[in-house]
Amino acid sequence: MSIEEATTPIARVRDALNTDMVGQQVRVQGWVRTKRTSKAGVTFLEVNDGSGLRNLQIVVPESMPDYAAVVDAATTGASISASGMIIQSPAEGQETELRAESVEIVGSSPEYPLAKKRHSFEYLRTMAHLRPRTNTFGAVARVRNQVSWSIHRYFHEQGFLYVQTPIITGSDAEGAGQMFQVTSMDLKHLPVSEGLVDFSEDLFGRPTYLTVSGQLEAEIMATAMSSVYTFGPTFRAENSNTSRHLAEFWMVEPEVAFCDLDGLADLAEDFLKRIFSDVLNESAEDMAFFNQRIQPGIVESLERIANSDFVRLTYTEAIEVLQRSGRDFEFPVYWGADLQAEHERYLTEIQFDAPVILTDYPAEIKAFYMRLNPDGKTVAAMDVLVPGVGEIIGGSQREERYDVLLRRMKESGLDPEHYWWYLDLRRFGSVPHAGFGLGLERVVHFITGMQNIRDVIPFPRTPKNVEF
RNA sequence: UCCGGCGUAGCUCAGUGGCAGAGCGGGCGGCUGUUAACCGCUUGGUCGUAAGUUCGAAUCUUACCGCCGGAGCCA
């Protein structure tokens, strides 16, 4: 590389596609998507660097030094660095192109396994190290980034404090499924005392687990800082084999002091609408791609949702709606039964065709920390259901009354001594508070219209899948 | 974990008891300011693994492994 080339400003592909750049001398670095050689003495390289969906066409003239060698090595997948001038393209298909004066092959790519054709998502999952280089997975990565930013921005603007809750926890029943156990002990030589593993030998001196939720710790922070949220990885050791579950996923959990269930539902609705409109505005190109190639109508659907009220009804009302529907459900509908996927789907896809916020579930089917309603049989719980994906948010007003919480804990078979600090929050300045959990992947799943949640996280962890 | 479906060329799939196939990709050649390029030729196989039935198995049976879809659990 000459000194002149080294000092040429680097342009991202996304910027080089802008007609404002015409006449600029730039260097573009990226990976070759396709190569087309014309015998008229010119080769076209389409290059992408992840900055956007569209590729930059680099026109390599035969007169360029090392033309034959460069063109030979610039195969699909190769990384290159090209210098030249951005010009207005004389041909159809793109507004600008780079007229190369020099092209350096940074890394060649013989026998690249991803052909220039459509691959099944199942096959691409076996190529998780290369699939970010495809249009679909590049777009997913950018939308996921946009959603993450939007989440932080929303809460920041609302005056929430971003707090970090632990990933390793000593609580063995946070109320959300099977947990992964964490240990530093040698599993081949476990210290055993009276037939049981002696955890006093373990690093923490007791059994520890990967967190399934940051909620309990977020409640601690909320009862000091008022409005907080966590945003981090969570883990479920369930043997779930579905298109909607992961063993490791990212969850956003706001927790708000001096807030009841109505306030929480308002927050959830405002929050979701904001994410949807942000993505539509700021990832328009990628969303147009999903709309065209993945799920026709998804853009219009998101626009409608962002601009209309969510349907709100209580569990009891939902049961009545389902019973009146005349539908022959596989699982019977009666008060006290947990709603099945088919019931949720009926409500959100057929009855209302909109997001639905269901509230006030029977206490028996919900967690111990949810606030008992005055009727004594329901709790102030809330699920937000969206068409296609189902439950996207689960939350509740928390039980702030010491005696009620203690009783509910015992009824759930939990040892109050393990939750002494959680109970303490109800002894010292207790306050009504509420919070919810939103699965990042569920949101991206819904927004992109991708069929499988394993395709909206770069490195999915599911049973028997941890290669990358 | 349960139910159902599927494992055949690098990829997507056809072949359902009698010679192992197509399209795409790869290679070679032609053509072209090209752009899902196009045209011709060509390459390419442990039919998931193991056992069984049969004169003969990719095809039928059994077990196992893997993948996909649905259900449950949930976000």
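Analyst: E255 stands opposite G435 in β18. This is a predicted model: local features need pLDDT of at least 70, side-chain atom pairs count only at pLDDT 80 or more, and totals for chains, interfaces and linings use all residues. Residues are numbered from 1 along each chain as its sequence is written, and chains are lettered from A and ligands numbered from 1 in the order written.

User: What makes β13 and β18 a pair?

Analyst: Pairing requires at least two bridges found by DSSP. Five join β13 to β18 (residues 433-439), and the strands run antiparallel. Strands themselves are DSSP runs of E, at least two residues; helices are runs of H or I, at least four, and both are numbered from the N terminus.

User: How many bridges join β12 to β13?

Analyst: Nine, again antiparallel; β12 covers residues 227-235. Here V228 stands opposite E255.

User: Why is α5 called oblique to α8?

Analyst: The axes of α5 (residues 135-157) and α8 (residues 284-294) come within 10 Å and cross at roughly 130°. Under 35 degrees is roughly parallel, over 145 roughly antiparallel, 65 to 115 roughly perpendicular, and the rest oblique. Therefore α5 is oblique to α8.

Terms used
Axes fitted to C-alpha atoms, helices over the stretch in contact; angles between N-to-C directions.
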